[in-house]
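Subject: Handover of a structure

Dear colleague,

Please find below the sequence and the structure that I am handing over to you. A summary of the findings follows.

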Amino acid sequence: MAKTAKAEQTRRHILDTALELFTSKGYDETTMRDIAAAADCSLGLAYRYFENKQALILELYREMAQETVAYIEQLPIESIANRFQMVMVYRLQGSEAYRDALGALYSEAMKPSSDSSLLGDNAAEMREAALDGFVYLVETAKDAPKQEQAKQIATLLYSLHFLFIQFWLFDRSPKQRVSYELLDFVTGALKQLRLLLLVPYVTQALAKLSNILAQVFVSSDMSDD
């Protein structure tokens with residue numbers, strides 16, 4: 001399908017309409033026919049852009065991942081810890097508009113058997129692209145580590161980013177204040193990481209931890225041998 005401005009506008013409208021219905025009506029209760037009717041388009045047109053409800057969720061994942069990577073690519077030259085904090089503030093603030101929708105979709109996104117699982121095969125390409133963004137964050141930081149450690153740290157940061165979003169979704173404090181307190185704490189801890197990498201045990205533990213995390217948060221193909 002040609003990526004014309006009108007086509008993009010229609011695709012965006014269908015996606016936004018679906019997210020509103022998932023929030024108000026529930027994911028399981030919403031059908032593609034409901035989405036088409038609410039978007040004031042034919043069912044055939046809705047299917048032309050999204051083959052099923054799972055495709056709508058995956059599109060939201062892809063958009064968020066693409067936005068995150070694009071933001072990482074224009075970060076100032078700062079420490080790894082400060083850059084990670086900037087990314088998380090951007091991601092959490094940018095997700096505010098989708099907070100209710102993400103909450104409504106949480107059970108589906110976390111269901112291992114779901115075709116739209118955030119950790120499933122259908123989202124693997126998105127996760128790998130996002131990991132590449134975090135590798136760039138680490139490699140271009142002013143305190144970048146040795147090359148073999150960059151991907152290990154990136155895997156750790158990507159996994160933390162994923163867990164932060166889940167924590168933020170469940171945070172009921174005013175304006176999710178507790179999530180930002182946690183982010184400040186983690187940022188402070190990450191600032192010590194560069195010095196800790198001088199300790200052999202820490203570098204060995206980091207390699208093992210990143211390998212474990214990659215097998216779930218990215219994919220088994222992305223883990224180190």
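**Overall fold**

In the protein chain, 68% of the contacts with a separation of 6 or more are between residues 24 or more positions apart, where contact means heavy atoms within 4.5 Å. Please note that this is a predicted model, in which local features need pLDDT of at least 70 and side-chain atom pairs count only at pLDDT 80 or more, while totals for chains, interfaces and linings use all residues. Residues are numbered from 1 along each chain as its sequence is written, and side-chain values use heavy atoms, with hydrogens and water left out.

The protein chain contains 11 helices and 0 strands; helices (H or I, at least four residues) and strands (E, at least two) are DSSP runs, numbered from the N terminus. The radius of gyration of the protein chain, 19 Å, is close to the 17 Å that the globule rule gives for 225 residues, so the chain is as compact as a globular protein of that length. This radius is taken over C-alpha atoms, and the globule rule is 2.2 Å times the number of residues to the power 0.38. The C-alpha trace spans about 60 × 40 × 35 Å along its principal axes.

Of the 225 residues, 49% count as buried (buried means under 20% relative accessible area, exposed over 50%, and partly exposed in between, with a 1.4 Å probe and protein chains only). The accessible surface comes to about 11800 Å², and 54% of it belongs to carbon and sulfur atoms. Accessible areas come from the Shrake-Rupley method with a 1.4 Å probe; for residues, only the protein chains shown count as cover.

**Cavities**

The search of the whole structure finds 2 cavities of 30 Å³ or more. A cavity is a set of points, on a 1 Å grid over the protein atoms alone, where a 1.4 Å probe fits but cannot get out; lining residues have an atom within 4 Å of a point. Grid points are joined across faces, edges and corners, and a volume is the space filled by probe spheres set on the points.

The largest cavity holds about 340 Å³ of space. Its lining consists of 20 residues, and Tyr 61, Met 64, Leu 118, Phe 162 and Ile 165 lie nearest its centre. Two or more lining residues are given by each of helix 4 (53–72), helix 6 (99–110), helix 7 (124–139) and helix 8 (147–170). Helix 8 provides the largest share, 6 residues. By type, the lining has 16 nonpolar, 3 polar and 1 charged (nonpolar: Ala, Val, Leu, Ile, Met, Phe, Trp, Tyr, Cys and Pro; charged: Asp, Glu, Lys and Arg; polar: the others, Gly among them).

**Individual residues**

Most residues other than glycine have a negative phi. Lys 175, however, has a positive phi near 55°, and Gln 176 has a positive phi of about 55°. Lys 175 is in the loop between helix 8 and helix 9 (177–190), and Gln 176 is found in the loop between helix 8 and helix 9. Lys 175 is exposed at 77% relative accessibility, whereas Gln 176 is buried at 9%.

Ser 79 sits in the loop between helix 4 and helix 5 (80–94) and is buried, with a relative accessible area of 11%. Leaving aside residues up to four places away in sequence, Ser 79 touches Ala 141, Lys 142 and Asp 143.

Yours sincerely

Key: On a 1 Å grid over the protein atoms alone, a cavity is a set of points where a 1.4 Å probe fits but cannot get out, and a pocket is an open set with protein on both sides within 12 Å along at least five of seven lines; lining residues have an atom within 4 Å of a point.
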